[in-house]
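This briefing looks at a metal site and at the strand pairing around it. Please keep the sequence and the model side by side while reading.

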Amino acid sequence: MLSPLAAGIYGGLGAAAGLGLAAGGCAYAAYWPGSRIFGRALIAPRRPGELALTFDDGPNPAFTPRLLDALASHDVRATFFMVGSHAQAEPELVRRIVAEGHLIGNHSWSHANLALASAGRVGEELARTSQTLEQIAGVPVRLFRPPFGARRPAVLRIARELGLEPVLWNAMTSDWKEPSADAIVERLTRTIDRLERRGWAANIVLHDGSHLDRSAEREPSVAAAGELVGRYKGTHRFVTLDAWG
Ligand SMILES: [Zn+2]
C-alpha cells in the first residue's frame, strides 16, 4: 500500500497528464511524464510551496561551475541527473556538486533511448552509471531519470532492481534550444504557479549539459535557474528530491 503522501507523489501530474493523451496510446505511455501506464515514477507531492530544481545531461565543464556558483550564492540545493560518460570525464566537478550539498542521480551512461533498448543494454547503462558516480562521489545513488522521459515496464523494473527510484517531472520547457532566459523563466513560472494553484509542488527540469556535446552552451538555462531562485526564494522552499522520497 502507498501512504497518502506517496500516493500524492506518484499520482503527480493529475489533470495535466490528460493533455498528453493527444500524443496517442503507446507514445503517451512511453514518454509523457504523467503517464502511469508503464509504471509509477516519482514526480511531485501535494506540497504547494516546495520547488525542486533538477538539472539534466551534465556535468558540463563550461556551465555547471557557473550554475553551482549561482546556487551557492542563494544557499539553494538542487538535484543533478548526470550522464555517466560525462561524469567519468569530469570527476572533480562531480565531487564539487556533492561537496556543495546537491543530490546526484543517474541519467544513464550514454543518454540512450531506453524505451527502445534491450533489457541487457538498459541494465548496463544504469549499473555502469551508478557504479561510476558512487566511485567518484563516494555517496549512494538512489534516483534515476530516464533520458527523454522514455521508459517501458522493463526499464522501471530494472531500475528498481538496481536500487534506483524512477523520477520524472512536472515543469519543463525546451530550455536546451531556447536562446532567451526570460522566455524560459516565463514559461516555467506559468507552470509552477498553475501547479501551486492545484496544490502540487513543482519538479522543475533545466539542462546544464547536453548528451550531444559535453561542453554545450547553456547560458540561458543557467541564467534562468538564477532568475527562478531569485523570484521564488522569499516565498517558496527549494528542496532536493530526497525530501520527497
Ligand atoms: Zn537528458
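Two strands are said to pair if DSSP finds at least two bridges between them, where strands (E, at least two residues) and helices (H or I, at least four) are DSSP runs numbered from the N terminus. This is a predicted model, in which local features need pLDDT of at least 70 and side-chain atom pairs count only at pLDDT 80 or more, while totals for chains, interfaces and linings use all residues. Residues are numbered from 1 along each chain as its sequence is written, and side-chain values use heavy atoms, with hydrogens and water left out.

**Strand β1**
- β1 (residues 50–58) is largely enclosed by the rest of the structure, because nine of its nine residues are buried (under 20% relative accessible area, with exposed over 50% and partly exposed in between; 1.4 Å probe, protein chains only).
- β1 pairs in the parallel sense with β7 (residues 202–207) over six bridges, and F55 stands opposite L206 there.
- With β2 (residues 79–82), β1 forms four bridges, again in the parallel sense, and D56 faces F81.
- The parallel pairing of β1 with β8 (residues 237–238) covers two bridges, with E50 opposite R237.

**Zinc site**
- D57 (OD), H107 (NE2) and H111 (NE2) coordinate the zinc ion at 2.1 Å (donors are N, O and S atoms within 2.8 Å of the metal, or 3.2 Å for Na, K and Ca; water is not among the atoms, so sites may look incomplete).
- Along the chain, these donors follow the spacing D-x49-H-x3-H.
- H107 counts as buried because its relative accessibility is 2%, and H111 counts as buried at 7%.
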